[in-house]
Amino acid sequence: MSDIEVKIQPLFNYISNYVDLTHEELRFLASKISCRTYLKNQYIVQQGDICTYECFIIKGCTRTFHLDNQGQEHIIMFSIEDWWAGDVGSFITQTPADLNVQCLENTELIMFSHDVIEELYHEIPKLERFFRQIITKAYVFSQKRIVRNFSLSAKERYLYFKKQYPKIERRIPQYMIASYLGITKEFLSKIKKQIAVES
């Protein structure tokens, strides 16, 4: 395998969980792929800009967040290897983004522009089904998170976070985890101490 083939293989493995592509379809897909590395703290998307790429993470970690009028950050999600990053609503509608996507580590991405996605839909119809499935999955995830925020205690939300993101808690600053959970860093510290005592 060439270096680029090795780099994009995780995407092909991911797609194979949803649809089966022929060798010719994979080769066409590979010809349309762009790869880019972002440095830690760089933004892939900034609030107010139009999200021009949907990104698959090869290596690294990002956070997706909204900045309110008071300058308060509200973290929506974290993404790591084999996850997607971007403002899906902005990408689909090509309107200004409500969300920021920032790299928490040096991050390698496979990037699909809006035009390339449309071309892939036309040339490989199975990919339209694939992207529809992952967008539906993201929507369900978002809805369930809203319900959890209403129905679970802070401790329960933290335990769910640990289960959902077992590989990345140590890669993310504690204050960001607290923001994701909708609590203060100090309260998160108390929850962790309580769990440590109980276990």
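Guide: Let's start with strand 2 and strand 7, which pair in the antiparallel sense over two bridges. Two strands pair if DSSP finds at least two bridges between them. Strands (E, at least two residues) and helices (H or I, at least four) are DSSP runs, numbered from the N terminus. Val-45 has Val-101 in strand 7 as its bridge partner. This is a predicted model, in which local features need pLDDT of at least 70 and side-chain atom pairs count only at pLDDT 80 or more, while totals for chains, interfaces and linings use all residues. Residues are numbered from 1 along each chain as its sequence is written, and side-chain values use heavy atoms, with hydrogens and water left out.

Visitor: Which residue in strand 7 is the bridge partner of Thr-64?

Guide: That is Val-101. Strand 4 (residues 62-67) pairs with strand 7 (residues 100-103) in the antiparallel sense, over four bridges. Also here, Phe-65 stands opposite Asn-100 in strand 7.

Visitor: What is the strand order in the open sheet?

Guide: The four strands run in the order 2-7-4-5, with antiparallel pairing. Strand 2 (43-45) and strand 5 (73-79) each have a single partner strand, so one side of each is left without a neighbour in the sheet.

Visitor: How should I read the side chains of a strand?

Guide: In a regular strand, side chains alternate between the two faces of the sheet. In strand 7, Asn-100 and Gln-102 point one way and Val-101 and Cys-103 the other way. All of these are buried, meaning under 20% relative accessible area with a 1.4 Å probe, protein chains only (exposed is over 50%, partly exposed in between).

Visitor: And how do I read a core?

Guide: Nonpolar side chains tend to be buried together in soluble globular proteins. A nonpolar core is a set of buried Ala, Val, Leu, Ile, Met, Phe, Trp, Tyr and Cys residues joined through side-chain atoms within 4.5 Å. The largest one here has 36 residues, of which Leu-29, Trp-84, Phe-112 and Phe-130 touch the most other members. Helix 1 gives the most to this core, with five residues.

Visitor: Which residues does a second, separate core include?

Guide: Phe-65, Ile-183, Leu-188 and Ile-191 are among the 22 residues of that core.
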